[in-house]
Amino acid sequence: MSGKFGWFVAGAGIGAALALLYAPRTGVETRALVADKANDAWGSAQQFGAEAQSRGQQIYANMKVKGQEVYDSASASARTVYGQASEAAQGAISDVSDRMRTATGNVKPVFTERNDELREKIDAARARIAAQVAKNAEEAKEAEAPAEPIQAEAEVADAAEEPKEIAEGASEE
């Protein structure tokens, strides 16, 4: 786009130069006319530049105000959202805390009940073990008891045979 504008300006300059060369006026008049037109153009350019600067400053001021409004609005929205999120998080934390307390309250009786059941099972197992030990001890006594009478009978038989041996030994002599 700037290439086309550049060619346009170059063409305008060339056209102005040719117009000056073929002008019907004298050189002094033409130079005076060119100087007047150049001064008018320079004044117009300065006026246009001043207006552009003024508009630029006005646009900058408007954009600054709009930017501040957008920033303030976004900041207020962010604070609102943060407050809502914070309240929601606090509510969730409170809810979870309550549920944990409830769960803990519900779990303690179950643990106590299971603990009592386990103790009862342990006590029953101890009783069965004690009964088995007692039964084994009684069986061991019964196993030893017949051996003692048999041994006693053997001792009695031996004792009965001793006098016979003594008597037989005395009769042989």
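How much accessible surface does the chain have, and what percentage of it belongs to carbon and sulfur atoms? The accessible surface comes to about 15200 Å², and 61% of this belongs to carbon and sulfur atoms. Accessible areas come from the Shrake-Rupley method with a 1.4 Å probe, and for residues only the protein chains shown count as cover.

## Basis of the report

This is a predicted model, in which local features need pLDDT of at least 70 and side-chain atom pairs count only at pLDDT 80 or more, while totals for chains, interfaces and linings use all residues. Residues are numbered from 1 along each chain as its sequence is written, and side-chain values use heavy atoms, with hydrogens and water left out.

## Overall organisation

The chain contains 2 helices and 0 strands. Both terms refer to DSSP runs numbered from the N terminus: helices are H or I runs of at least four residues, and strands are E runs of at least two. Helix α1 covers residues 2-21, and helix α2 covers residues 27-172.

Of the 173 residues in the chain, 1% are buried. A residue is termed buried when its relative accessible area is under 20%, exposed when it is over 50%, and partly exposed in between (1.4 Å probe, protein chains only).

## A nonpolar surface patch

I14, L18, L21 and Y22 form a nonpolar patch on the surface, and together they have about 510 Å² of accessible area. Patches are made of residues with over 30% relative accessible area and no salt bridge; like charges are joined within 9 Å, and nonpolar side chains (Val, Leu, Ile, Met, Phe, Trp, Tyr) within 5 Å. I14 is exposed, with a relative accessible area of 53%.

Side chains of opposite charge can pair when their charged atoms come close. A search of the whole structure finds 4 salt bridges, where a salt bridge is a side-chain nitrogen of Lys or Arg within 4 Å of a carboxyl oxygen of Asp or Glu. One of them joins the side chains of R101 and D98, at 2.8 Å from N to O. These two residues are 3 residues apart in helix α2, a separation of about one helical turn. R101 is exposed at 55% relative accessibility, whereas D98 is partly exposed at 40%.

A salt bridge also links the side chains of R114 and E117, with an N to O distance of 3.6 Å. R114 and E117 lie 3 residues apart in helix α2, about one helical turn. R114 is exposed, with a relative accessible area of 52%, and E117 is partly exposed, with 30%. The side chains of D123 and R126 meet at 4.0 Å, N to O. D123 and R126 are likewise in helix α2, 3 residues and about one turn apart. D123 has a relative accessible area of 46% and is partly exposed; R126, at 57%, is exposed.

## A buried serine

Is S75 buried or exposed? S75 is buried, with a relative accessible area of 18%, and it is found in helix α2. The side chains of S75 and R79 are joined by a polar contact of 2.7 Å. A polar contact is a pair of N or O atoms within 3.5 Å; within protein, one must be able to donate a hydrogen and the other to accept it, and residues adjacent in sequence count only if both atoms are side-chain atoms.
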